[in-house]
Amino acid sequence: VQLQASGGGLVQPGGSLRLSCAASGITFSVYTMAWYRQAPGKQRELVAVISSGGNTNYTDSVKGRFTISRDNAKKMVYLQMNSLRLEDTAVYYCKASRSRAVYWGQGTQVTVSS
């Protein structure tokens, strides 16, 4: 099983980034997919989640700014991040879960700075 996250980078406040996570080795369509982030000195936190049926949920701080989506045919999950803020700076991880099976990607750095 492999989850390969990409799309991170350096962006100014107010800018946008789109993170991608490519999955392999799993029956992607039946997994719940999620994005987490971990800022320096802080615990990893859930950012957004999308169920196998396409239902989504977001942490309050990103509602209205971030959008999670998935493409089951391509085995991809995305996180569109708009109106980025300094406090969005973190390493972003994708996670696949189904019952007791949990898999993590390697993380991609997002830095919001002027």
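Buried here means under 20% relative accessible area, exposed over 50%, and partly exposed in between, with a 1.4 Å probe and protein chains only. Ile26, at 6% relative accessibility, therefore counts as buried.

Some ground rules before going on. This is a predicted model, with local features needing pLDDT of at least 70 and side-chain atom pairs counting only at pLDDT 80 or more, while totals for chains, interfaces and linings use all residues. Residues are numbered from 1 along each chain as its sequence is written, and side-chain values use heavy atoms, leaving out hydrogens and water.

**Around Ile26**

Ile26 sits in the loop between E3 and E4; strands (E, at least two residues) and helices (H or I, at least four) are DSSP runs numbered from the N terminus. Not counting residues up to four places away in sequence, Ile26 touches Val1, Tyr31, Lys75, Ala96 and Tyr103, where contact means heavy atoms within 4.5 Å.

Four strands make an open sheet in the order E1-E3-E8-E7, with antiparallel pairing; two strands pair if DSSP finds at least two bridges between them. At the edges are E1 (2-6) and E7 (66-71), each of which pairs on one side only. On average, neighbouring strands of this sheet are turned by 15° against each other, direction ignored. That angle is taken between axes, which are lines fitted to C-alpha atoms, and angles run from 0 to 180 degrees between N-to-C directions. E1 and E3 (residues 17-24) run antiparallel and are joined by five bridges; Leu3, for instance, has Ala23 in E3 as its bridge partner.

**The core**

The largest nonpolar core has 30 residues, and Trp35, Leu79, Met81 and Tyr92 touch the most other members. Such a core is a set of buried Ala, Val, Leu, Ile, Met, Phe, Trp, Tyr and Cys residues joined through side-chain atoms within 4.5 Å. Elements giving two or more residues to this core include E1, E3, E7, strand E4 (32-38) and strand E9 (90-98).

**Aromatic rings**

How many aromatic pairs does a search of the whole structure find? There are two. Rings of Phe, Tyr and Trp (its six-membered ring) pair if their centres lie within 6.5 Å; planes under 30 degrees apart count as stacked, over 60 as edge-to-face and the rest as tilted.

| Pair | Type | Centre to centre | Between the planes |
|---|---|---|---|
| Tyr31 and Tyr103 | tilted | 6.2 Å | 45° |
| Tyr36 and Trp104 | edge-to-face | 4.9 Å | 65° |

Tyr31 is in the loop between E3 and E4 and Tyr103 in strand E10 (residues 101-104), so their pair ties together parts 72 residues apart in sequence. Tyr31 is buried at 9% relative accessible area, whereas Tyr103 is partly exposed at 29%. Tyr36 lies in E4 and Trp104 in E10, so this pair links parts 68 residues apart in sequence. Tyr36 counts as buried at 16% relative accessibility, and Trp104 as partly exposed at 36%.

Trp104 also has the charged end of Arg44 over its ring, 4.6 Å from the centre. The charged end of Arg18 sits over the ring of Tyr78, 3.9 Å from its centre. The test is NZ of Lys or CZ of Arg within 6 Å of the ring centre and within 35 degrees of the ring normal.

**Asp88**

Leaving aside neighbours within four places in sequence, its contacts are Arg37, Arg65, Phe66, Ser83, Val110 and Val112.
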